[in-house]
Amino acid sequence: MSCPFLREQPVAEGARIICRAFQINQVLRDRQDPLAQRESVIVERYRFSREGVIYIINLLEPHIKCSTRRSRALTTAQTVCIALRFFASGTFLYTIGDAENLVKSAVCRAIRKVYLALKQFLGVFVVFPSHLRPQVVKQNFFAIAGFPNVIGAIDCTHIPIKAPPGPNEGDFVNRKGVHSVNVQMVCDSMFHITNVEAKWPGSVHDSRIFRESHLCTLFERGDFDGILLGDRGYACRQYFMTPFPDPNPGPQTRYNAALARTRARIEMTFGQLKERFQCLKSLRVAPDRACDIIVACAILHNIATIRKERIPVVGVQPDDDLQPVHLDQPSGRAARDRIVEHHF
């Protein structure tokens, strides 16, 4: 009887036969074109119109494009739409994976690629005092309630996160007992975010975030000719106007009313940002990744605002607890008194 293994080692050939018997065929699931939907469906899923999504795809393609199509790697369009869907819904990763025929790990990698790529455009889309000329910014703010020389409205907002492990867990508990990141933002009168500071735990006070920010350094050096409007959680400085704690009837009351109406722009910006990107209502990620996602959403908000995308319907925002009133600086009180004397 002739041997069936003339040129092969019997053991090696036998091992190959056994491997073929137990081989599992790889199943590559079909994935639809994410933009092959009605315009209303695209806006609902991604918070951008078809043209807006294509703009973001073209913007990020050099930074997130896969170098190979091996194993049917995700296209740039698929990667961007997966991330936008997460930002817009804030749902669990496996839920997005089930909708896109992807495993959870692939969804996580796609989202990370997109928000890290968006961070590289921070200096392009988030510019202080604005993309407009400072004089135009001041005129637009003045048209709201007659408050002069304003180049920005500033405030902080808390973005809830899951409790991080480790010894620093208590630092992220804010005054409401919720784990969060305290984010400082500045906006102009057109709801553009002009400055974002997303790196502080929820227990840190708003005034400390501003004192240690690069923006404060620029104002202290006198780089900007204009003032910021803040709430009572900040100290009144020469360039930072806050309300009178106990206003007298007349000019001081009118000053407080004008400041409140003008400063409301930042509260409205927060409302639009969180309604457009529902993930900011609760992030189930580590604090460092949460900060990157917040910055990415701020950039996307500015892109949507500049491109005049559909504005989300903003519900009534709950009033935040007032933080302790800080003592005003003499230069700040003098500047506030001059504004009251000449304009109110």
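Reader: Among contacts in the protein chain between residues at least 6 apart in sequence, what percentage join residues at least 24 apart?
Author: This is a predicted model, in which local features need pLDDT of at least 70, side-chain atom pairs count only at pLDDT 80 or more, and totals for chains, interfaces and linings use all residues. Residues are numbered from 1 along each chain as its sequence is written, and side-chain values use heavy atoms, with hydrogens and water left out. A contact means heavy atoms within 4.5 Å. Among contacts joining residues at least 6 apart in the protein chain, the share with residues at least 24 apart is 67%.

Reader: How many helices and how many strands does the protein chain have?
Author: Helices (H or I, at least four residues) and strands (E, at least two) are DSSP runs, numbered from the N terminus. By that count the protein chain has 13 helices and five strands.

Reader: What percentage of the residues in the protein chain is buried?
Author: Buried means under 20% relative accessible area, exposed over 50%, and partly exposed in between, with a 1.4 Å probe and protein chains only. Of the 344 residues in the protein chain, the buried part is 49%.

Reader: Against which helices do the buried residues of α2 pack?
Author: Helix α2 covers residues 39-46, and Val 41, Ile 42, Val 43 and Tyr 46 are buried in it. Just after α2, Arg 47 takes a positive phi of about 65 degrees. The buried residues of α2 pack against α3 (50-64), α4 (76-89) and α5 (93-100).

Reader: With which side chain does the side chain of Thr 157 make a polar contact?
Author: Thr 157 is in strand β1 (residues 150-160) and counts as buried because its relative accessibility is 9%. Leaving out residues up to four places away in sequence, Thr 157 touches Val 181, Asn 182, Val 183, Phe 270 and Lys 274. A polar contact is a pair of N or O atoms within 3.5 Å; within protein, one must be able to donate a hydrogen and the other to accept it, and residues adjacent in sequence count only if both atoms are side-chain atoms. For the side chain of Thr 157, at 2.6 Å, the partner is the side chain of Lys 274.

Reader: Is Lys 308 buried or exposed?
Author: Lys 308 lies in the loop between α12 (287-306) and α13 (330-343), and its phi is positive, near 55 degrees, in a residue other than glycine. Because its relative accessibility is 72%, Lys 308 counts as exposed.
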